Amino acid sequence: MTDIIYEVAASTELSKPITITLDLGSQLTPYELQRAEIRRQDGTNWVPVDTNHQDGSLVFQVIQSGAYAVFVNQFDYALFTSHMAALLPSWMEIRKNKNSVGQQFLNHFGIEFQQVQDYLDWCLNNQFINKVDVGQIDYIYKTDLPVEVTSDCTIYVFDNDQVIQLVDTVEEFYRSNNHVAIIDFEKRFIYTRFYYENGIDITAVKDGNTLAFNNLPLKLHHVWNSLDEFGLLLGVKRLPGEKNASLKERILDVFRYPANATKLGLYFGIARELGLIQRIDWEDDSQPLVVQVENVLPESIYLDGKPVPAQIGDGYFRIEPLNTGVSHKISYIAGISIHALVNQDKDETLYSLLYEEDSHPTDYYRRLSERIQQEVPIMWDEFRWDEGFWDVVNKDMLGLEYLPTIWDASVEVWRVFDADR
């Protein structure tokens, strides 16, 4: 039995089974996941529940409330054991009987070999975007470690009155389903697997002295994984707080919605980079699908990654029934408008966004200009023509000084450049 236990509660009796999918890729090894099953607590016994394995997840149905736990058969007969037994002479009983003491002994090593093989297969699958494990850990939480807390202290971590267990290895930290934390004394951070709204409390004891630090705020910390590697190859950067499943879809959108310099390509690129591509499930394709949405881009309506004809109406689009008997993934882009910067005085929407009534730039336009200059600079540098600056050279290095505008040299001679002057 593992430490992965869920409590299913219902205020009334369930009228029909509820299907539950558990993604345990980050908590169980591939070997363990293949040999895992769900059991329901019945008094002092744990009763097996029909469990299906689908893409690294455990799928089962709940028909009554109660505690459900994940069990793993750690001593299952490994395929490698049969391979090793087959190398023995044919007349030996060990080779013929997998229940023999000899094969049970070999099975210990067979399990180890199988775990290595499963891990290598997992690593290989993560090199292909369609097989990548989206259950990999993508985010944890961290806070600064107080300077008074050192490695020679006895340290306790709490969330209010709940103890958060400190672990020593990264493997323990990532594999645990409990409330755990790990400390990096070199970089002075303490990491937790879960978010605590009121922060965490730390108590450090050294030489009989006790130090207490309360409500240390947590912030999100991204854990780089194989999906970020795909994103790096294709120029898709993970958005703040974006989960693996969403990032995988945006990576695939590089090929579904290719960006280029055309107007449609700009729509595709902007929507993909900002995570504005909407996705819904079409469960019953025997019925038409009607999606209520404003300003949808007709060319962006895709069914299972491919363009599909759709009827566009006022505030909706409609896809006719397909009658294939399977569910589909629908994606589309809506709510984006593109304005040309030329002749912007004729575009009232854009003009009011960029300029005040007196034709001065709005604060939004100023921030936009500064952001563009920072992200994609096209100038070598900048020069202030209305102020004169010089370095103040003294022992305190106080910085820069400037002359008021009225004392600056005239810039009139520079309005028309004359090489002879």
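In what order do the three strands of the open sheet stand? The legends below begin with the answer. This is a predicted model, in which local features need pLDDT of at least 70 and side-chain atom pairs count only at pLDDT 80 or more, while totals for chains, interfaces and linings use all residues. Residues are numbered from 1 along each chain as its sequence is written, and side-chain values use heavy atoms, with hydrogens and water left out.

**View 1. An open sheet of three strands runs in the order β2-β6-β5.** The pairing here is antiparallel; two strands pair if DSSP finds at least two bridges between them. Strands are DSSP runs (E, at least two residues), as helices are (H or I, at least four), and both are numbered from the N terminus. Because β2 (18–23) and β5 (52–54) each have a single partner strand, they stand at the edges, and one side of each is left without a neighbour in the sheet. On average, neighbouring strands of this sheet are turned by 30 degrees against each other, direction ignored (axes are lines fitted to C-alpha atoms, for helices over the stretch in contact, and angles run from 0 to 180 degrees between N-to-C directions).

**View 2. Six bridges join β2 to β6.** Strand β6 covers residues 57–62 and runs antiparallel to β2. To find your way around, look for T19, which stands opposite Q61 in β6.

**View 3. The structure holds 13 aromatic pairs, and here is one of them, F105 with F109.** Rings of Phe, Tyr and Trp (its six-membered ring) pair if their centres lie within 6.5 Å; planes under 30 degrees apart count as stacked, over 60 as edge-to-face and the rest as tilted. F105 and F109 are edge-to-face, 5.3 Å centre to centre with 75 degrees between the planes. The two are four residues apart in helix α4 (residues 101–125), so about one helical turn separates them. F105 is exposed, with a relative accessible area of 54%, and F109 is partly exposed at 36% (buried means under 20%, exposed over 50%, partly exposed in between, with a 1.4 Å probe and protein chains only).

**View 4. F173 and Y174 form a tilted aromatic pair.** Their centres are 5.4 Å apart, with 55 degrees between the planes. F173 is buried, with a relative accessible area of 2%, whereas Y174 is partly exposed at 25%.

**View 5. Ring pairs link Y257, F268 and Y302 into a cluster.**

**View 6. The charged end of K142 sits over the ring of F189.** It is 4.3 Å from the ring centre. A charge sits over a ring if NZ of Lys or CZ of Arg is within 6 Å of the ring centre and within 35 degrees of the ring normal. K131 likewise lies over the face of F128, at 5.9 Å from the ring centre.
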